[in-house]
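Subject: Structure handover, with notes on pockets

Hi,

Here is the structure I promised to pass along.

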Amino acid sequence: MESSVAIARAEKLAEGRERILTELRKVIVGQDEVVEQVLIALFTGGHCLITGVPGLAKTLLIKTLADILDLDFKRIQFTPDLMPSDITGTEILDEEEGTRRLRFVKGPIFAQIILADEINRTPPKTQAALLEAMQEYHVTAAGRTYELEQPFFVLATQNPIELEGTYPLPEAQLDRFMIRVAVGYPTAEEERQILERRRERRQDEVALEPVVSREEVVAMQQALEDVFVADVVAQYVVDLAQATRGDHRIALGASPRGALALLKLARASAVLRGRDFVTPDDVKAMAAPALAHRLILQPELWVTKLSAAQVVDDLLTQVPAPKTDETR
């Protein structure tokens with residue numbers, strides 16, 4: 001009985017995913033893997049860091065996702081002069097009916113989808129204000145605590161160029177993001193489609209309607225708890241996390257938080273494919289997005305231009321995966 005309920009929930013989540021993808025594809029051409037990874041982050045209730053050079057539709061993807069979800073959306077443009085109170089809110093002196101009192105005015109963090117645009121262009125103190133809310137799901141101001149409404153989903157963008165005068169997120173802060181997604185250039189055919197669609201629309205804007213409600217998003221997040229994870233698959237996640245701590249190329253490996261993130265993302269990957277159980281392939285697909293940004297490579301490796309994602313890919317070939325028939 002419980003299995004049939006889990007299957008039904010998995011199928012419903014997969015159906016919701018198709019509705020979202022159908023609308024997203026009206027605007028976003030290609031980038032299927034990127035879109036899927038962003039959706040997986042949303043359904044796990046985690047936060048997402050999106051990296052890529054300017055002009056690759058990172059902001060457009062997030063704005064479009066907000067348009068088709070029935071959730072409150074706010075955009076925060078991170079700049080060097082942005083203050084923590086510009087994000088969380090501030091107290092103002094309110095004079096009403098002859099009385100004076102302090103009133104808290106909520107900042108843009110009080111929304112359900114937050115676009116933190118170019119997060120590395122603001123000082124660490126301001127970054128910390130956002131990252132605290134991401135971790136604790138509340139804001140503390142003037143000695144009072146204000147809860148953030150669920151679901152609460154932060155998508156931050158970061159450009160890998162023009163780094164002079166920026167404030168790269170330290171490793172401990174990167175660990176707050178469930179997943180890091182890298183956006184690449186489109187193919188020639190995809191770029192041709194982008195131009196063709198723009199010519200057909202005769203305008204930049206695309207009119208979209210919400211296709212998934214807040215209640216459905218919450219239900220999708222809760223459905224992940226019904227996804228079965230075999231002991232051998234859980235051990236595979238542990239083995240991968242342990243391997244990052246013993247590799248000679250890695251100065252600092254993934255923490256248990258990284259292993260938990262990989263497990264959650266693998267569950268979401270399974271559900272989005274209509275399954276109520278996790279396979280080793282789900283773990284492999286999510287390993288680099290979940291773990292690479294949590295690793296610190298040995299400093300001398302910068303000469304070889306070896307990336308953390310490449311190291312994770314190497315570990316996937318070295319750590320034995322369980323057999324598929326052992327996962328159910």
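Below is what turned up when I looked for pockets.

This is a predicted model, so please keep in mind that local features need pLDDT of at least 70 and side-chain atom pairs count only at pLDDT 80 or more, while totals for chains, interfaces and linings use all residues. Residues are numbered from 1 along each chain as its sequence is written, and side-chain values use heavy atoms, leaving out hydrogens and water.

The largest pocket holds about 1200 Å³ of space. (A pocket is an open set of points on a 1 Å grid over the protein atoms alone where a 1.4 Å probe fits, with protein on both sides within 12 Å along at least five of seven lines; lining residues have an atom within 4 Å of a point. Points are joined across faces, edges and corners, and the volume is the space filled by probe spheres set on them.) Its lining has 43 residues, with T51, R180, A182, H293 and S307 nearest the centre. α2 (32-44) is among the elements that supply at least two lining residues, and with five it gives the largest share. (Helices are DSSP runs of H or I, at least four residues, numbered from the N terminus.)

The second largest pocket has about 520 Å³ of space. Of its 23 lining residues, V27, I28, A57, L60 and R201 are closest to the centre. Both α3 (58-68) and α7 (188-201) contribute at least two residues, and α7 has the largest share, six.

Enjoy exploring!
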